[in-house]
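Hi everyone, thanks for coming. I'd like to walk you through one model today, so let me put it on the screen.

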Amino acid sequence: MKNKTDAIQKSEFTSPTLVVRITETYRPGMTTAQICDCARWAWDADLERASSCKLVLAVYKGEVVGAFEPSKCDFAANIKPPKGKDANLVAQDIKEGRVAFEGVDISRASPFVGRKIVMGQSPIQYFGETPKKI
């Protein structure tokens, strides 16, 4: 098992994983439910690729702060928005065809939470193997 101070290496991802940067919505001290709301709502992502992901990691300032197992991934129009989300922002996300998910918090069991990860410029990134189309 990796030490929590070790940065996550791409080789550690054994299943398709969506990593999302939540810098704009995350605040220190949030509950895991609040972190999930930050991570699950409305990304400019490819629905088919995002739907293949078995894990979603929420990242704040280069550190994984939450891990979620998605149970449903769909266009934001088909997913209930987070409680308290501004209606105008919800409407804009839906209009733009953004992707959202519903899922279960698995942060306590995740070997990634609390560790650093290097991401590119994009607020979303995919890691791990993705199933090949037949």
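Let me start with a question: how far is the sulfur of Cys73 from the closest cysteine sulfur? The distance is 7.6 Å, to Cys53, and that is too far for a bond. With a disulfide taken as a pair of cysteine sulfur atoms within 2.5 Å, the count comes to 0 disulfides. As for exposure (buried is under 20% relative accessible area, exposed over 50%, partly exposed in between, with a 1.4 Å probe and protein chains only), Cys53 is buried at 5%, while Cys73 is partly exposed at 22%.

A quick word on the source: this is a predicted model, where local features need pLDDT of at least 70, side-chain atom pairs count only at pLDDT 80 or more, and totals for chains, interfaces and linings use all residues. Residues are numbered from 1 along each chain as its sequence is written, and side-chain values use heavy atoms, leaving out hydrogens and water.

Now the sheet. Helices (H or I, at least four residues) and strands (E, at least two) are DSSP runs, numbered from the N terminus, and two strands pair if DSSP finds at least two bridges between them. We have an open sheet of 5 strands, ordered β4-β3-β2-β1-β5, with mixed pairing. At its edges sit β4 and β5, each pairing on one side only. Between β2 and β3, which run antiparallel, there are 5 bridges.

Finally, helix α1, residues 32-40: its buried residues include Ile35, Cys36 and Cys38. The buried residues of α1 pack against β1, β2, β3 and β4, contact meaning heavy atoms within 4.5 Å. Just after α1, Ala42 takes a positive phi of about 65°.
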